[in-house]
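Here are some friendly notes to read beside the model. Take them one at a time, and keep the structure open as you go.

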Amino acid sequence: QVTLQRTNSNAKSSSINEKEATAAPGSANIVLPIDGSKGEKTSSIRDGEDESLIIRSEDPSSDDDESPMDDETISQRVRAFFAYFYFCINVGAVASIAMVPIVRGYAGFGPAFSLSLWFMMIALFLFASKRKEYHHLVPGQDGTSLSFTLGLCRWLFFQNLWRNVPFVVHRYLPLWLHPGDCPKMNNSKGFLHQEQQENGTDTVSLVGDDETAANSSNEGTMDTALDEQLSDAAHVLHVLPIFCALPIFWCLYDQQGSVWTLQATKMRLHGLQPEQFTIINPVELMIFVPLFERIIYPMLDAAKVNISPLTRMSWGMLLSAISFAFSGFVESWIQHNNDNGLEKVSVFWQLPQITVLAVAEILVSVTGLEFAYACAPGRVKALIMSLFLLTTAVGNIFSGTLYSTVFAQMDRAVVMHICATLMMINLIMFHFLSKWWLQRRPLDLLRPLVVAEPIHQEVEMS
């Protein structure tokens, strides 16, 4: 399903010709695939990995006396799932780039788009045919919703912000920065009950262990659903600082389909078309993903080398900066030869930058999916995975804005070196951010809300 979805989206992008396409039905043709593909990708990521872990935990062939999977085994399975999930995406990308232009050339746009449609119909049929074999996780009937979770995230963010601002500054802050009252669930009876303080802000008492929970239940003050929702909101906020470092990577990465393609038009193509070089990235990923998963990562694990997700993402950012620095040197070389009437630079000089960026993609994108899934509690996995995908959109907007304003009249080689510099600055910030992030836990965001009471015990933030 994932493979054919990527085939569908890439088919549309690779078969558009400026001189032949018309803009009349464009809005629906663009908006509907985007809306469907992002929802499909978010759901398939979450559900696919959940299925993998559930199937393994229920494997009847395993020894009955064998203990459940330890954290290291689960981590390895999560890493393997996302690696092969990404592999499947790039199988679809290669098939799309190879097949759709050929069909368009022989039969036109109609059959080319119809080919993608039929592939998606087959995928939908295969997906639906196995529906009875999936593990269906029914959301709890607690009255919660996405809007409620996002409301809690907003309230928790401003609650922590408000608590860390000196009291004397409160009167000068705009009203919208005040956290206000904690959003209330339907039929809520108050596991986290609110007490109005003299300064007008809300505080929350948390009940943690079973004994104190039972006592509080007798008093009619227990609502575990709201507590779980606040914990979920804390996990969402906890991961956002790491996600904030990813748009710069996507700003660079997605230029290989635009800026690097334009660079190829000024090079010696050896009978190829500039856009045909875009097939190199998915082909290399199909090679590198199993190579990293089967050989490189196990070797590094055996050598006791730190390959934690944040470490791998740091290395990926460094490689993406190197890739763009190299592309800047290639661009300078192209300009020098073209200005002096020398032989054009071979397009194969783009191979190093494409290859280095492909490795960076594995270390940042594949690892980022793994990281986002691992950080998310079950109730908000899809939300956190969606926020991870949102970083791609933010990076593309940032890139488009720069190229339409600041970079519009600048030398293209200088632009590429600026992009490499931006990534290095982003990497330095990410390094310190990672150290700070590792010292914090999601439920630390709830500490400002805890009020010690004689009959309650503070929940253990572990």
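1. At roughly what angle do the axes of helix α11 and helix α14 cross? Helix α11 (residues 309–339) and helix α14 (residues 412–438) have axes that cross at roughly 170 degrees and come within 8 Å. Because of that angle, α11 is roughly antiparallel to α14. Axes here are lines fitted to C-alpha atoms, for helices over the stretch in contact, with angles running from 0 to 180 degrees between N-to-C directions. Angles over 145 degrees count as roughly antiparallel, under 35 as roughly parallel, 65 to 115 as roughly perpendicular and the rest as oblique.

2. A word on the source. This is a predicted model, in which local features need pLDDT of at least 70 and side-chain atom pairs count only at pLDDT 80 or more, while totals for chains, interfaces and linings use all residues. Residues are numbered from 1 along each chain as its sequence is written, and side-chain values use heavy atoms, with hydrogens and water left out.

3. The contact of α11 with α14 has 18 nonpolar, 9 polar and 2 charged residues. Here Ala, Val, Leu, Ile, Met, Phe, Trp, Tyr, Cys and Pro count as nonpolar, Asp, Glu, Lys and Arg as charged, and the others, Gly among them, as polar.

4. Now the whole protein. It has 14 helices and 2 strands; these are DSSP runs numbered from the N terminus, with helices (H or I) of at least four residues and strands (E) of at least two. Of its 462 residues, 43% count as buried (buried means under 20% relative accessible area, exposed over 50%, partly exposed in between, with a 1.4 Å probe and protein chains only). Among contacts (heavy atoms within 4.5 Å) between residues at least 6 apart in sequence, 80% join residues at least 24 apart.

5. Look inside next. The largest nonpolar core has 87 residues, and its largest share, 14 residues, comes from helix α12 (residues 351–375). Such a core is a set of buried Ala, Val, Leu, Ile, Met, Phe, Trp, Tyr and Cys residues joined through side-chain atoms within 4.5 Å. M317 is one of the residues with the most contacts inside this core. Leaving aside neighbours within four places in sequence, M317 is in contact with A245, L246, V364, M423, N426, L427 and F430.

6. Is H238 buried or exposed? H238 sits in helix α7 (residues 224–243), and H238 counts as buried because its relative accessible area is 10%. Not counting residues up to four places away in sequence, H238 touches W437, R440, R441, P442 and L445.

7. Compare P352, found in helix α12. At 33% relative accessibility, P352 is partly exposed. P352 and F326 are 26 residues apart in sequence, but their C-alpha atoms are 8.0 Å apart in space.

8. Finally, visit the loops. H270 lies in the loop between α9 and α10, has a relative accessible area of 43% and so is partly exposed. H270 is not a glycine, yet has a positive phi of about 55 degrees. Q273 is in the loop between α9 (259–265) and α10 (280–302), and its C-alpha is 9.5 Å from that of T261, 12 residues away in sequence. K304, in the loop between α10 and α11, is exposed at 74% relative accessible area. K304 is also not a glycine and has a positive phi of about 60 degrees.
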